[in-house]
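Please look over the model shown below before reading on. The notes that follow take the overall fold, the surface and one residue in turn.

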Amino acid sequence: MEILPIRPFRDFRSARVTPPGSKSITNRALALAALRTGTTRLSGALFSEDTRTMIECLRRLGFRVDADEAARTVEIVGLGGEIPEARAELFVANAGTAARFLTAILALKRGGEYRLDGSEAMRRRPMSGLLDALARLGCAFEFGGEPGHFPFTMRTGGVSARDVVADASASSQILSALMQIAPVAGTRNGAGTFDVHLKGETVSRPFVEMTAKMIASFGGAVEGRGNTFVCGGGYGSGDFDYAIEPDATAASYFLILPFVHRAGEVRIDGLDTDGLQGDAAFATELSTPPRDLLAAATTADAAGTPACVVRAGTATRGFDVDFNAISDTFLTLAAVAPLLDAGTPLTIRGVAHTRRQETDRVAAMATELSKILGAENVAQTEDSLTLTPITRERLRARADAAPGGRFRVATYRDHRVAMSFGVLGTFDLRGDCSTWIEIEDPACCGKTFPDFFDVLEKIRS
């Protein structure tokens, strides 16, 4: 297994970064492009493990998809909800968006039979809320292992109903998947609309809002009425261009740098804090009194392209915060907790659902931070993580006592674990730029940000 030593920054002044395109937006755009009629051209697309998985699956289903990775563009010819291939085998790897969105799209096919599987981690991730809803719409599932999980064979009958009830408490992607196919279903059921009724609540609401806005951009319509989403309008037709925003979650790893180094300025080109992505609120969340770890502002260049500019804030103490709405970024904040004032606990709440993502993220962060802070300074509940920083002297002593003078961070094949601890490692703990953090399996970042560590090194040098 590759081990990557992180070289601390000597004198951090500034960084100007344009992260790759958003994974969440790219895979939603690919799904919506397949559902509309005509050629859709995506610009600024992300090419990573998850998006390549989505593209390959669409090709296996018979869609024409032309991708230019150098230009970061994708062209896909949609067929208005029709699926060319009635039979196919699909492997979704560990891509939650591909797993949920594709499964819902398959339900539109009348007389289809599809076998789907994923990685070992994907086999443990929640699917039952979506599969139960699709069963009520006429699909039948034969499971090759645990019911409600991959692998399974799916037999489809098309969607002719006018509504469905869904439990999306485990993942907002379940709700998003059903919302995406709903405008097509509305054109087929004679009512003109299709209603998705949410049973209870869902997590990460900003991702649902992202889905609704993107459906509208692609020609559909979504009206929220409490816990019911009324979807209709079908999708557009003809040639269509769609630009993908830079990844706001990826941006968080750079936005936290001024706090880590208590100096410098970071500018993220193309990041709009009022854009589609809820995670764009990361910087403003940490700029809010009394947290004040950062000082963030939104600006624009002469052409009107937005940018988020961040400097170090005035505070360095721990606090209590709910990150449910921006949970993908909780790892970014948790990883730098050792740099807060000693004895001032940081508690991050609202993250229970992240235990069922690429890995149990709460447990993963607790385990790795226990190596750094000591087990007595790390506590977790089902829904929260509390971290109590120690003095710099104790932190240096613990690093010196670690094998080779370095904390080795296990990443659990989770890109966000790897990237968040990579940022912590840029802090010059000993004052001599010697490595004190090393990362196992840095290639796992290929899921969303294949050249992350290259970008980090460019900033350092």
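A residue is called buried when its relative accessible area is under 20%, exposed when it is over 50% and partly exposed in between, with a 1.4 Å probe and protein chains only. By that criterion, buried residues account for 60% of the 461 residues in the protein chain. The model is predicted, so local features need pLDDT of at least 70 and side-chain atom pairs count only at pLDDT 80 or more, while totals for chains, interfaces and linings use all residues. Residues are numbered from 1 along each chain as its sequence is written, and side-chain values use heavy atoms, with hydrogens and water left out.

**Overall fold**
- The protein chain holds 14 helices and 23 strands, these being DSSP runs numbered from the N terminus (H or I, at least four residues, for helices; E, at least two, for strands).
- Its radius of gyration, taken over C-alpha atoms, is 22 Å, close to the 23 Å from the globule rule (2.2 Å times the number of residues to the power 0.38), so the chain is as compact as a globular protein of 461 residues.
- The C-alpha trace spans about 70 × 55 × 40 Å along its principal axes.
- Of the contacts (heavy atoms within 4.5 Å) between residues at least 6 apart in sequence, 75% join residues at least 24 apart.

**Surface**
- The protein chain exposes about 16,700 Å², of which carbon and sulfur atoms supply 46%, as computed by the Shrake-Rupley method with a 1.4 Å probe.

**Residue T249**
- T249 belongs to helix α7, which covers residues 248–255, and is buried at a relative accessible area of 5%.
- Apart from neighbours within four places in sequence, T249 is in contact with D279, D328, T329 and R416.
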